[in-house]
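Please read them with the coordinates open.

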Amino acid sequence: MNKKDLADIRKEFKLNSYMLKIKEVYSVYLKKDNGQIITKEKVNFKIESDEVKELYLNNFKKILTGSIDSKVFELSFKNQNTIEDLENENYTLNTQQILYNTLKSDEDISDFVDQFVDKVAKNFNYENDVVINFVKAGYYKADKKVNNQIEADEDPEEYVQAIDFILCSINKVDIPKKVLKFDYSEMKFKSNSVLDLTINLNSPLDGFMFPSFCSDYVEVNKLIYYSSKSSQINSNFIENILECSVKPSATEEKESFNVIMETALGKVKPNTIQNMYESIYEKLDTEDDEDTEELTLDMKDVSEVLAENGVENNEVVKNAFEQVCGGDYNFKVKNVLPDFEKKSIKIENETISIAIPPDMLSSIKQIRNKEGKKCLLIELNEDVVINGINLQTEEE
């Protein structure tokens, strides 16, 4: 699932959407002390007020919001299964099986959802009480053949793909602070009750969508996981509840890639770093793959990039991969390549921090002056401004 797929479905989380159909919302309240279920509630989404609908829609929309590999991750189940396996009633009941049964059942989903909630209760690791919201929905996705390509005698509905999916959000229960409130029914001021608990639907702790899908197919061996904290996943939830493989975040991939570069290159000149990034960018720019988000760099690709920049020892690259990744690894290009449209390169030490665009790397040097002190020399096309004040140009 790529950024466009997520954006397309996310924009349908609005009142009276024609492309998104939600029937019921099933909610379960769990206590933090022992994972005990306090209450369960199933509501008919269609008959709820618009205010309540919007609360739910915004909550579920959050699960699909965020940068891929930073807050939103496409994860694979540890055990990859065929449709035949999943439809076998005697097959081992795991999370994927529970979710698939929920997806395919025409009956009340609460029995299946309760099986999943039991897994959450047994592996409870939240600091607060939580409410789990669970919904089964239908998404009518436009096919690649867009409307202006459809012939006059063709039915547009033939080019709409119907996808059933499940969304789950795990939300913190907040205990309100003691405040003075005005009660209109009694027309007097009074303190609020600590029993007036609120469900924080704006910031889910964890969540997921099953299955994952793209423009061409539905992938039942994958789901979309949401993390409340950027680049900080809940490994307990992923491994023990979802039963998926943990995936490195974009930040972790970038850090690992930089360590490999540092190990292989040692100390280098800035223009070498720029040339290296441009070589990777050229791979991204010229690749025929339609989905450039999924372009990757493996050990062979990195060896070629480094060879173009003077490092032709494949053994050095292999050892660097072994030290950092334990062997060959596919890095997503978008996770390791700096943004050429922004000041995405950081130049820093203990005393300074400067951000520049990647194509300016060749304009800087680290030098030692006549007094033996290290200096950063930056070639400039115009005056530097500090806090709105132009700096004076001095001659050496």
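1. Basis. This is a predicted model, in which local features need pLDDT of at least 70, side-chain atom pairs count only at pLDDT 80 or more, and totals for chains, interfaces and linings use all residues. Residues are numbered from 1 along each chain as its sequence is written, and side-chain values use heavy atoms, with hydrogens and water left out.

2. Salt bridges overall. The whole structure holds 13 salt bridges. The criterion is a side-chain nitrogen of Lys or Arg within 4 Å of a carboxyl oxygen of Asp or Glu. Among the residues involved, D69, K247, K332 and K334 are linked in a network.

3. E74 and K222 form a salt bridge, with the closest N and O atoms 4.0 Å apart. This pair links distant parts of the chain: E74 lies in strand β3 (residues 72-76) and K222 in strand β12 (residues 222-227), 148 residues apart. Helices (H or I, at least four residues) and strands (E, at least two) are DSSP runs, numbered from the N terminus. E74 is buried, with 18% relative accessible area. K222 is partly exposed at 26%. The classes are: buried under 20% relative accessible area, exposed over 50%, partly exposed in between (1.4 Å probe, protein chains only).

4. A pair close in sequence number. E186 forms a salt bridge with K188, the closest N and O atoms being 3.5 Å apart. E186 is partly exposed, at 43%. K188 is partly exposed, at 43%.

5. Helix α9. Which residue forms a salt bridge with K300? The partner is E304, at 2.8 Å from N to O. K300 and E304 are 4 residues apart in helix α9 (residues 299-307), so about one helical turn separates them. An α-helix has 3.6 residues a turn, so residues three or four places apart point the same way. K300 is exposed, at 56% relative accessibility, and E304 is partly exposed, at 39%.

6. The start of α9. Here a side-chain oxygen of D298 reaches to within 3.2 Å of the backbone nitrogen of K300.

7. A buried asparagine. Is N335 buried or exposed? N335 is buried, with a relative accessible area of 7%. This residue is in helix α11 (residues 333-336). The side chains of N335 and D69 are joined by a polar contact of 3.1 Å. Such a contact is a pair of N or O atoms within 3.5 Å; within protein, one must be able to donate a hydrogen and the other to accept it, and residues adjacent in sequence count only if both atoms are side-chain atoms. D69 also belongs to the salt-bridge network with K247, K332 and K334.

8. Positive patch. K11, K14, K61 and K62 form a positive surface patch. Patches are made of residues with over 30% relative accessible area and no salt bridge; like charges are joined within 9 Å, and nonpolar side chains (Val, Leu, Ile, Met, Phe, Trp, Tyr) within 5 Å. Lys and Arg count as positive and Asp and Glu as negative, while His and the chain ends are not counted. K61 sits in helix α2 (residues 50-62). At 31% relative accessibility, K61 is partly exposed.

9. Negative patch. E278, D339, E341 and D359 gather in a patch of negative charge on the surface. E341 lies in the loop between α11 and β15 (345-348). E341 is exposed, at 70% relative accessibility.

10. Backbone points to check. The peptide bond from F210 to P211 is cis, with omega near -5°. P211 is in the loop between β9 (206-210) and β10 (212-213). N16, a residue other than glycine, has a positive phi near 60°. N16 is in the loop between α1 (3-10) and β1 (20-30) and is exposed, at 79%. For N387, phi is also positive, near 50°. N387 is in the loop between β19 (385-386) and β20 (389-390) and is exposed, at 78%.

How values were computed
Areas by Shrake-Rupley, 256 points an atom, 1.4 Å probe, with all protein chains shown as cover. Charge placed at Lys NZ, Arg CZ, Asp CG, Glu CD.
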